[in-house]
Amino acid sequence: MVERSDFLGVFEQLSEEERMIMESLRAFVDEQYLPIIREYHARGEFPFEMVPQLAELGLFGITIPEEYGGAGLSYFIYGLAMQELERGDSGLRSLASVQNSLVMFPIFKYGSEEQKQKWLPLLASGQKIGCFGLTEPDHGSDPGGMETRAEKVSGGWRLNGSKMWITNGTVADVAVVWAKTSEGVSGFLVEKGTKGFIQNKIHGKFSLRASDTGELVFEDCEIPEENRLPQARGLRAPLSCLNEARYGIAWGAIGAAMACYEEARDYALTRTQFSKPIAGFQLVQHKLVEMISEITKGLLLNLQLGRMKDAGKAKHYHISMAKRNNVHQALQIARSARSILAANGIIDEYQTIRHMLNLESVYTYEGTHDIHTLIIGEAITGIEAFR
């Protein structure tokens, strides 16, 4: 009988270092995170007291050079880390994904040396938490339509506007905020406590409950010139950050799918109906086979993408394919697992319903399923179909 989620032995291709990191993070999630997530999910909170431990594990700044406090590891290892974190919960992966891809990455790529020296070590150590402000209440899939404006004033910039659906939005010590200026789209580092900077919590979520989600409001918020990202020019800068995050999501979604599949499989082997385990019925076996088949395909897709990214060969449309496919399949796997669990599938004694609800958000953020369809469509036809 094949064990767990690696049907083809994909992980046998990992190096010793890659396997060690994956297994250590899996043990951390199993032993430290899963025992508490049910309570935090019910309360609608993230366990921020775990941030120092996450930093100690090297989960912030995985690909950032060691001279700035990062781990200096490969993108392949970053992907494995996101996979294991999302086996626990999408909120856990989201925290690390935002800190790595949407906060530390733009500071490292587009920031000044002074900004890098100031912020990257603090973020890597977990002393500071960041967030990324691009999405607006009326502009999600079309970030070019943003209405947030930064006006040049003596000594800096005056920022007005708002951002919505921001992970870590209410707790962030620094926000990487994108705004239109007379020179085009620019990035700014907005520090907590800045006059005119308001951080509001979004309530009533049924998805990503164990994750902090907020709204950022800027009312004549004055930002010093030294807090502008000097190398960020135009919309390509924030989109490059999203590309980094989407890569991690492609891996994370497979982690969530694994968690659902393994729970459904274990349940089917122990749940008895009509005098035998339900795993012995053809319809249940069909569902399990579909699940493990799609997980295996997703693993192979991630394996190739990860090696391509480390080789500098991964294009944005390659990442779109992985994000689109893996999140879609993970959501289908979660729904199928829920059906195997039947009535037990809707209570939080089992983790599948939590993953299923989370994946509804993951399906939408960092580019909706439909937007990634159009990105891939343009890549294979040469015709842009967004308008």
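Reply: A cavity here is a set of grid points where a 1.4 Å probe fits but cannot get out. A volume is the space filled by probe spheres set on those points. Please keep in mind that this is a predicted model.

Me: Understood. How many cavities of 30 Å³ or more are there?

Reply: The count comes to two cavities of 30 Å³ or more.

Me: Which residues line the largest cavity?

Reply: Its lining consists of Gly-61, Ile-62, Thr-63, Ile-64, Tyr-75, Tyr-78, Asn-100, Ser-101, Phe-105 and Glu-244. By class, five of the lining residues are nonpolar, four are polar and one is charged.

Me: And which helix gives the most to that lining?

Reply: Helix H4 does, with three residues. Helix H3 (75-88) and H4 each supply at least two residues of the lining of the largest cavity.

Me: What about the second largest cavity: which residues line it?

Reply: Val-10, Phe-11, Leu-14, Phe-76, Leu-80, Trp-251, Leu-299 and Leu-303 line the second largest cavity. The elements that give two or more residues to this lining are H3 and helix H7 (282-310). In composition, the lining has eight nonpolar residues, with no polar and no charged ones.

Me: Let us turn to the open spaces. What is the volume of the largest pocket?

Reply: About 1,500 Å³ of space lies in the largest pocket. It is lined by 43 residues, of which Gly-140, Leu-242, Arg-246, Glu-366 and Gly-367 are the closest to its centre.

Me: How do the lining residues of that pocket divide by class?

Reply: There are 18 nonpolar, 16 polar and nine charged residues in the lining of the largest pocket.

Me: Which elements each supply at least two residues of the pocket lining?

Reply: They are helix H4 (90-110), strand E3 (156-167), helix H6 (236-270), helix H8 (316-341) and helix H10 (369-381). H6 gives the most to the lining of the largest pocket, with six residues.

Me: H8 is on that list. How do the axes of H8 and H9 cross?

Reply: The axes of H8 and helix H9 (residues 352-362) come within 9 Å and cross at roughly 150°. Angles over 145 degrees count as roughly antiparallel, and H8 and H9 are therefore roughly antiparallel to each other.

Me: Is that crossing left-handed or right-handed?

Reply: The crossing of H8 and H9 is left-handed.

Me: Changing topic, what does UniProt place at residues 15-127?

Reply: The unreviewed UniProt entry places "domain: Acyl-CoA dehydrogenase/oxidase N-terminal" there. In the model, residues 15-127 are 72% helix and 0% strand, and the end C-alpha atoms of the span lie 31 Å apart.

Me: Which annotation covers residues 131-221?

Reply: In the unreviewed UniProt entry, that span carries "domain: Acyl-CoA oxidase/dehydrogenase middle". Residues 131-221 are 0% helix and 55% strand, with their end C-alpha atoms 17 Å apart.

Me: And residues 233-380, what covers those?

Reply: The UniProt annotation, again from an unreviewed entry, is "domain: Acyl-CoA dehydrogenase/oxidase C-terminal". The model makes residues 233-380 76% helix and 3% strand, and the end C-alpha atoms lie 28 Å apart.

Conventions:
Residues numbered from 1 in each chain as written. Predicted model: local features only at pLDDT ≥ 70, side-chain atom pairs only at ≥ 80, totals over all residues. Heavy atoms only, no water. 1 Å grid on protein atoms, 1.4 Å probe; cavity = no way out; pocket = protein on both sides within 12 Å on 5 of 7 lines; lining within 4 Å. Helix = DSSP H or I, 4+ residues; strand = E, 2+ residues; numbered from the N terminus. Nonpolar A, V, L, I, M, F, W, Y, C, P; charged D, E, K, R; others polar. UniProt positions renumbered as here; feature names shortened; annotations may be inferred. Axes fitted to C-alpha atoms, helices over the stretch in contact; angles between N-to-C directions. Parallel < 35°, antiparallel > 145°, perpendicular 65-115°, else oblique. Left-handed = near helix turned anticlockwise from the far one by under 90°.
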